[in-house]
Amino acid sequence: MNTADDGGVRQKLAQLRQEHRDLDDAIKALECAPDRDQLRLTRLKKRKLSLKDKIARFEDQLLPDIIA
């Protein structure tokens, strides 16, 4: 991967991490709400898990393959 691609991956990774943190805050707020919507809570948790998987894939792109 060249330097330009590396910068794009890092930028996307930062964006995904921020979105993951925002979802975490939204989930915590919804869990504390007296009239919480269980369906919405479940959807947010699934979205957060999906983001975690995307973050892991982008992190793998940044690490060089090491042949043992």
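Author: A salt bridge is a side-chain nitrogen of Lys or Arg within 4 Å of a carboxyl oxygen of Asp or Glu. This is a predicted model, where local features need pLDDT of at least 70, side-chain atom pairs count only at pLDDT 80 or more, and totals for chains, interfaces and linings use all residues. Residues are numbered from 1 along each chain as its sequence is written, and side-chain values use heavy atoms, without hydrogens and water.

Reader: What makes Lys-48 and Asp-24 a salt bridge?

Author: Their closest N and O atoms are 2.8 Å apart. The cut-off is 4 Å, so the pair counts. Lys-48 lies in helix 2 and Asp-24 in helix 1, so the pair ties together parts 24 residues apart in sequence. Helices are DSSP runs (H or I, at least four residues), numbered from the N terminus.

Reader: Why is Lys-48 called partly exposed?

Author: Its relative accessible area is 23%. Buried means under 20%, exposed over 50%, and partly exposed in between (1.4 Å probe, protein chains only). Lys-48 is therefore partly exposed. Asp-24, at 22%, also counts as partly exposed.

Reader: What makes Arg-17 and Glu-59 a salt bridge?

Author: Their closest N and O atoms are 2.5 Å apart. That pair links helix 1 (residues 3-32) and helix 2 across 42 residues.

Reader: How do you know that the span of helix 2 agrees with its number of residues?

Author: The expected span is 1.5 Å times one less than the number of residues. For the 25 residues of helix 2 (residues 38-62), that gives 36 Å. The end C-alpha atoms are 36 Å apart, so the two agree.

Note on methods: Helix = DSSP H or I, 4+ residues; strand = E, 2+ residues; numbered from the N terminus.
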